[in-house]
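Hi,

Here is the structure I promised to pass on. Have a look at it first, and my notes follow below.

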Amino acid sequence: MNILAIESSCDETAVAIVRDGREVLCDCIASQVALHREYGGVVPEIASRKHIEAIYGLADEALAQTGLSRSDIDAVAVTYAPGLIGAVLVGVNFAKAAALALGKPLIPVHHIRGHIAANYLAYPELKPPFLCLVVSGGHTMIIEVKDYTEMRILGTTLDDAAGESFDKVGRVLGMPYPGGAALDKMAQQGDDKKYDLPRSRPGANPYDMSFSGLKTAALNLIHHAEQIGEELDIPSLCASFTAAVSDTLVPRVVQALKETGLKKVAVAGGVAANSRIRADILKAAEGLGAEVYMPPLMLCGDNAAMIGAQGYYEFLAGNTADMSLNAYATKSILGESL
Ligand code: KG4
Ligand code: ZN
């Protein structure tokens, strides 16, 4: 089954063709990052306009790259939530038109389910059940993936997402948007114990997380140093900050593995590219005898191949939509309105 997959929830326009949920025939991305960098973050209106400009050409390019014709496409999958509403709408409307014109099923895919499914592309042998740590620019969650379309949320951030806090601290340190990758690189030359930053334990659910206190503590430290003219050791600040993020994530993953008895853990989302978090998860899982699944960096960030992968399993579960499909800025990974 060849699925044409569309992703436009933030600042990447992406079109892929994925066979049977596991094989990427092509994965085309038009990134807008350089455009938004000038503003220090994504400007939603610019994102929507650029998606409109890019999406038709990308779909043609995807077909051309694979040598497939339109009649070889068996279904159209699209990110329908969550994301910047104007941006998601572009993809949803394109996908609706494509499905209607081709006379093929339309499959709505939740963006975060897509991130999880990036692991199916990287690891053909991976099957649920497994535990998944989702760490993206907008989401931070620990999820029990019971089956391809059946999930349980163990915990989530109660305020900022991990990626968001990386980007904010990176921005204040003068790093180009999005700051996560640059901060990661800088941290590799630093001492992670030099600066004392908080690890918070919010609420009653031990799996819930919070990053806003950590982010504020890092920003206060930077501003205070500026005010008193103290020179900061930037690599060590980056290393200390990354250690605090990892210390918030990894022990919860360990506890979840122990409690659920699961022996497989996957990571997903843009922040899953972080070298420290990857190393800490590997170390922790080794201690528990658990198998670790981490997509290559290319599949961690936003892409359409992951939407095609999850789309296949949504289709098998009967989760298709008609032409009344709408886009949503927010929606739970379980499909509930927020
Ligand atoms: O999943 P993603 O591409 O987009 C969303 O769905 O949000 O994640 C983007 C996030 C950004 O916050 C970016 O700074 C972060 O992933 N990121 C990283 C790294 N690479 C990307 N954060 C920390 N370390 C990295 N190496
Ligand atoms: Zn994403």
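Predicted model: local features only at pLDDT ≥ 70, side-chain atom pairs only at ≥ 80, totals over all residues.

Is helix 4 enclosed or open to the outside? Of its 12 residues, 11 are buried, so the rest of the structure largely encloses this helix. Among the buried ones are His111, Arg113, His115, Asn119 and Tyr120. Here "buried" stands for a relative accessible area under 20%.

The shell holds 19 residues, and the closest are His115, Gly137, Asp167, Asp184 and Gly270. By type, the shell residues divide into 5 nonpolar, 11 polar and 3 charged.

- The side chain of His111 has an N or O atom 3.1 Å from an oxygen atom of ligand 1.
- Asn274 places a polar side-chain atom 3.0 Å from a nitrogen atom of ligand 1.
- At Gly163, a polar backbone atom is 3.3 Å from an oxygen atom of ligand 1.

On its own, ligand 1 has 550 Å² of accessible area, and the protein covers 85% of that.

Now to the core. The largest nonpolar core counts 47 residues, and Leu131, Phe241 and Val245 have the most contacts inside it. Elements that give two or more residues to this core include strand 6 (130-135), helix 5, helix 6 and helix 9 (275-288). Helix 8 gives the most, with 12 residues.

A few backbone details may interest you as well. Which peptide bond at Pro82 is cis? The one from Ala81 to Pro82, with omega near -20°; Pro82 sits in the loop between strand 4 (75-81) and helix 3 (85-102). Tyr177 and Pro178 are also joined by a cis peptide bond, with omega about -15°, and Pro178 belongs to the loop between helix 5 and helix 6.

Finally, Asp20 has a positive phi, near 50°, although Asp20 is not a glycine. Asp20 lies in the loop between strand 2 (12-19) and strand 3 (23-31). With a relative accessible area of 34%, Asp20 is partly exposed.

Best wishes

Key: Residues numbered from 1 in each chain as written. Chains lettered and ligands numbered in written order. Heavy atoms only, no water. Near = heavy atom within 4 Å. Polar contact = N/O pair within 3.5 Å; in protein donor to acceptor, adjacent residues only side chain to side chain. Areas by Shrake-Rupley, 256 points an atom, 1.4 Å probe, with all protein chains shown as cover. Nonpolar A, V, L, I, M, F, W, Y, C, P; charged D, E, K, R; others polar. Buried < 20%, exposed > 50% of the residue type's maximum accessible area, 1.4 Å probe, protein only. Helix = DSSP H or I, 4+ residues; strand = E, 2+ residues; numbered from the N terminus. Core = buried A, V, L, I, M, F, W, Y, C linked by side-chain atoms within 4.5 Å.
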